[in-house]
Amino acid sequence: MNRSDLFDALAERYPHLTASDAEAAVKTLLEAMTESLVAGQRIEIRGFGSFSVGERAARQARNPRTGEQVDVPPKRMVHFKPGKALREAVDGPQRGAA
């Protein structure tokens with residue numbers, strides 16, 4: 001699913017919304033989430049999951065082609081941890097349970 005699929009799903013589920021209203025709603029939500037993560041805030045959506053920003057320290061790596069050592073600078077990474085309801089929905093019924 002991509003952004004335009006989200007626009008379509010929202011417009012389909014709520015027929016009183018126009019396609020441009022659905023697009024604006026999705027864009028506003030994604031922009032707000034992006035701004036929060038850039039500011040280092042944690043986002044928690046109950047039943048879905050949480051997004052947080054983690055720090056990766058600088059490190060030495062090796063170029064696999066040449067074997068030369070390379071300095072990798074520190075960076076911030078976005079982490080997603082699925083909520084229990086999402087994990088259970090994705091996992092579905094347990095197969096082969098005795």
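Visitor: How many aromatic pairs does the count come to by the rule?

Guide: The model shown is predicted. Rings pair if their centres lie within 6.5 Å. By this rule the count is 2 aromatic pairs. In one of them, the ring centres of F48 and F80 are 5.5 Å apart with planes at 50 degrees, so this pair is tilted. Distant parts of the chain are linked by the pair, with F48 in the loop between β1 and β2 and F80 in strand β5, 32 residues apart.

Visitor: At what angle are the planes of F51 and F80, and how far apart are their centres?

Guide: The planes of F51 and F80 are at 45 degrees and the centres 4.8 Å apart, so this pair is tilted. F51 lies in strand β2 and F80 in strand β5, 29 residues apart, and the pair thus links distant parts of the chain. One aromatic cluster is formed by F48, F51 and F80.

Visitor: Does F51 count as buried or exposed?

Guide: Buried means under 20% relative accessible area. F51 has 17% relative accessibility, so F51 counts as buried. F48, at 37%, counts as partly exposed, and F80 is partly exposed with 38%.

Visitor: Which residues form a nonpolar patch on the surface?

Guide: Patches are made of residues with over 30% relative accessible area. Here I45, F48 and F80 form a nonpolar patch, with about 250 Å² of accessible area together. I45 belongs to strand β1, residues 43-45, and is partly exposed at 35% relative accessible area.

Key:
Residues are numbered from 1 along each chain as its sequence is written. This is a predicted model: local features need pLDDT of at least 70, side-chain atom pairs count only at pLDDT 80 or more; totals for chains, interfaces and linings use all residues. Side-chain values use heavy atoms; hydrogens and water are left out. Patches are made of residues with over 30% relative accessible area and no salt bridge: like charges are joined within 9 Å, nonpolar side chains (Val, Leu, Ile, Met, Phe, Trp, Tyr) within 5 Å. Accessible areas come from the Shrake-Rupley method with a 1.4 Å probe; for residues, only the protein chains shown count as cover. A salt bridge is a side-chain nitrogen of Lys or Arg within 4 Å of a carboxyl oxygen of Asp or Glu. Helices (H or I, at least four residues) and strands (E, at least two) are DSSP runs, numbered from the N terminus. Buried means under 20% relative accessible area, exposed over 50%, partly exposed in between (1.4 Å probe, protein chains only). Rings of Phe, Tyr and Trp (its six-membered ring) pair if their centres lie within 6.5 Å; planes under 30 degrees apart count as stacked, over 60 as edge-to-face and the rest as tilted.
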